Each structure stands twice: as structure tokens, then as C-alpha cells.
Amino acid sequence: MKATRIALLLAAFGAAVFIFGGWIRAADTNFPIYFPDGKLILKAEGVNRSVYLPLRPIIEHIGLPYTDALALETLTIRSAGNRLVVTRNSALISYNDQIIFLPGPMLREDNRWLAPIEFLTMGLTRITGTEFRYRPGVSRMFAGAVEAPELEMNAQTLGPITRLTIRCGVPIHLDVKRDDPLKAILAIDRSPLDPARERFDHRDRLLRSVAFDDSDGESKIVLDITREVSDLRVTSADNNRVFFVDLLRKREAITEAAPPAVEPPPAAAKPDALAAERKVRVIVIDPGHGGMDTGTKGTTIAEKDLTLTLARKLRTALQTRLGATVLLTRDSDVAMDNEARSAVANNNQANLFISLHTGYSANKLASDSSVFVMKEDFGDSFAPASISRDQLFLPWYHGYSSHRQGSGAAANILQEELSKGFPGWKFLVRTAPLAVLSSATMPSLLIEIGNLDNAVNAQTLVDNGFQSRVANAIVDAVQRFSESPQASAN
């Protein structure tokens, strides 16, 4: 009895404070709760910077009996001999006579009970035995054994396009809807999902922001775009677990004009002027490994970091010297499978695909480098049942076969330019059934440089000047190949 009197006094005191303190309200928003047997879409209210939900629809959906005592201003919820009692304008609730303190008071107005969202995790979880999972700052909740695969979103500017990369723990399907010139909706056929981040801004000529929205219980990604976007192209990879959404710019308007006065030709042509004459205009560079896949490791650096650094230098050199469009399969430390890497080249109609790697040998004196192309007819000696899709050497597809001659020509030219730029280093042209090259539908090759297990070699590989020389030698090779008969523009 004494504990009950103390609880009632505390409740009365809390009610007085909250009644006379007044409320600060924010606009209503939709708030879905996902249950194993369905979903409940509620109108959430912001009160004193806390999220409040209407209580009775939740307990009715669960099927809990309750008594709403108007005179006592209490609501009693029962389940299997347990009792949960809440009082109007009080932050104290009673579960089987045990007092629980909520961050905010229970509210009752217009014949509605409003509960702070913590009431579900601190109160309903106890009386139902169902765990209610909620992450502060998001507008959804998961109840019980509901599975919500994680969704990752990332955007990057890749030359003339902006690419949104979407990764999900399970296969999904995207449907693009664009009724507004400044907005695009990517509808997802799976719910619920648990996005790693709800929203992020990405400021460039095509994209302003990316936001996940499931306020109606249906998963979607909302893109705020600019008027320069002409189209969105969606490409899937990794069995529909990865999607690349490319935002394409409108072509510049071409207007008729009087021919300009003839001027003397410049002493040296600019890269942009030369680019139109070359067959290789779009180049995709693949920095090997990434994410949890570190590749080989030296004393001070991992292969995944070295290949990304070299890829960025190579991109700059190709853009500056050749005026080419250069895309990276990854521009950050993210994991990608082989199919997704070659898909970047295929879907952007690249004229050349180069995968960058560093070597590793147990022989600490070895320092040989290699330029790989796909082995012809490699799949004939493999039985499909014995293949693992995660292997590096993998006889998957034969997309490479239509451009194998061009790949060989590019490899030989690259070998010559690298040997010329680095006297004393060996650069061998080799063939292997490399999965990252097998489905590339353009001339493609893989470069493996040096030996990270060789201390002297590893120190050379991380040297900024050496990396720049490698990039310039590759650019020289790309320029020569671009002007050769074996190169072909898409």
C-alpha cells in the first residue's frame, strides 16, 4: 500500500508539471510498424521533441484486452495474467505493480491515448513478450521476428554521369517512376528494409539528395534531381543485390549559326580536339579488391588501397592528356564482386577496361609484373558443377571472346610502354581465366604490378613518383592502342 501511495503521489506530481508546462508540437508524419503478420501505418506526432504514437490501434492490432477508465484517467492493458497501467499526463507506468519511468508522459486528448515511442520498447515488450526494435531518428519500428535486410546507398560523380549505387542483403527489384522533372522515385519490391542511412545530400549538376521513404509501408528511394537529367539507367549485378542507377545529362542544344571566320590552326591540338579522332573514348578503371577483401598485404599498405590510389592517378592522367571519359568501378573502400565490376564497363559502353592489381610472391626477391588477358577457350576444361562463383579464376561467360584480338593488341602495346618506362622491370603478357575479364564486352586486360612481399619493391610501389610514371606509361599505351586498327569505338 505504501508503494502504491508513493507511486500515485509521483504520478500526480508528474501530471501537474506536464499540465502546467504546456506542449511543443511538431507536424504529424507517417510511422509504419512492421509485424510478422502485417504492418500498421500510424500518424506519429512530435511532442516536446519526442515521437508519440496513438496507442489503441497498436494494442488492438496485437489483440490485447484493455480497459479505458475515463473517471480515473487510466488505461489498463492485460495479457496472460499480467497487467500494465498507464495514467494520463504521467511518465510513470505500472507493470504488475512495478513502476517504470518513461522519458515522456502518456497523453490522452480527443478520446485518444498517445504514447511516447519508448512505451513500446519499455512497456508493451514486457506484457507481450514481443521485442519492439527502434533506432532513434528513424520513422519505423520492427516487432518480433520481422526480417529487415539492410540497405546501403552511395552516390558519386563519374565524369558526365552521376551514379547511385544501391546494395541490399537480399535480391530486390527497382522500378523507376518519374512524374516530376525534379524528382525520381525508385520503387523497391521488398519491405521492410533497414537503410544504413535515411538520407544524404550529394551536390553536383544532376543530383541534390537521396532519401529512403517507407512512410506508406512501401519501400522507395526518392532522388531530388536537377533539370539537366535526361534519363535514368538502371543496371543490376550480384543477382539483383547490387544496382547501379546512372543519371544521364541532357545533350547540349545544337543551334544553326554562321560559320566562324577561319583562323590559323593552333601550334598543338588540345586533348578535347584529339579525343574525337580516337576510338577509345570511354575507359573504365577497376581498382582491384575493396571493403573486407583487402587483397595482398605489405608491411605498410594493403593492395586495395594501393590500387585505388593508382586508379585515381590514372583517371586524372587519362582525362588531362587524352580528354577521355574515365569511370572507376569504385571510388571508395567498398566491396564489389567481379560481375559488378565488368558490368560498369559493359553498361557504360566502354571502349577499354583495365583492372589494376599488385602482385605477391613468397619469393621475397621476385619483382616481376604481368599484363593478363583472358585465356582463349578456357571454359572447355572446366566442369560447371565444380565452380564456385567467388573464385578469382572463373570460367563464367564468354563475353570477352568477341574482343580477344583487341585485348591482346592492347596488352602487347602496354607491355612495350611499361618496359620502355621502367628499364630492368619485367612485364610479361600472360593469359588466365580471370572472372573480372570474362564477361567484359570490350578489349580488357588486368595489370599486376610488382611484389608486395619484396620490401624494396613494396617501397617503390607506394612512391608517388613511381605511381605517376606508371600512370603515364599506361596513358601512352592507351593512346597508341586507341589509334590502332584493333581498337573499336562502341
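The legends below describe close-up views of a predicted model. Residues are numbered from 1 along each chain as its sequence is written, and side-chain values use heavy atoms, with hydrogens and water left out. Because the model is predicted, local features need pLDDT of at least 70 and side-chain atom pairs count only at pLDDT 80 or more, whereas totals for chains, interfaces and linings use all residues.

**View A. Stacked rings of Tyr34 and Phe142.** The structure holds eight aromatic pairs, where rings of Phe, Tyr and Trp (its six-membered ring) pair if their centres lie within 6.5 Å, planes under 30 degrees apart counting as stacked, over 60 as edge-to-face and the rest as tilted. One of these pairs is formed by Tyr34 and Phe142, which are stacked at 5.9 Å centre to centre with 25° between the planes. Tyr34 belongs to strand E1 (residues 25–35) and Phe142 to strand E12 (residues 141–143), so the pair ties together parts that are 108 residues apart in sequence; helices (H or I, at least four residues) and strands (E, at least two) are DSSP runs, numbered from the N terminus. Tyr34 is buried at 2% relative accessibility, and Phe142 is buried at 8%, with buried meaning under 20% relative accessible area, exposed over 50% and partly exposed in between (1.4 Å probe, protein chains only).

View B. Trp425 is partly exposed, with a relative accessible area of 21%, while Phe427 is buried at 5%.

**View C. Arg197 over the ring of Phe200.** Arg197 lies over the face of Phe200, at 3.9 Å from the ring centre; a charge sits over a ring if NZ of Lys or CZ of Arg is within 6 Å of the ring centre and within 35 degrees of the ring normal.

View D. Most residues other than glycine have a negative phi, and most peptide bonds are trans. Ser191 and Pro192 are joined by a cis peptide bond with omega of about 0°, and Pro192 is found in the loop between strand E16 (183–188) and strand E17 (194–195). Asn111, in the loop between strand E9 (107–109) and strand E10 (112–116), has a positive phi of about 65° and is partly exposed at 48% relative accessibility. Asn240 also has a positive phi, near 65°; this residue lies in the loop between strand E21 (229–237) and strand E22 (242–249) and is partly exposed at 29%.

**View E. Salt bridges.** A search of the whole structure finds 25 salt bridges, each a side-chain nitrogen of Lys or Arg within 4 Å of a carboxyl oxygen of Asp or Glu. Among them, Lys304 and Asp333 meet at 2.9 Å, N to O, linking helix H5 (residues 303–322) with the loop between strand E24 (325–328) and helix H6 (338–347), 29 residues apart. Lys304 is buried at 11% relative accessibility, whereas Asp333 is partly exposed at 42%. Glu73 forms a salt bridge with Arg88, the closest N and O atoms being 3.4 Å apart. Elsewhere, Glu416, Glu417, Lys420 and Arg480 are linked in a network of salt bridges.
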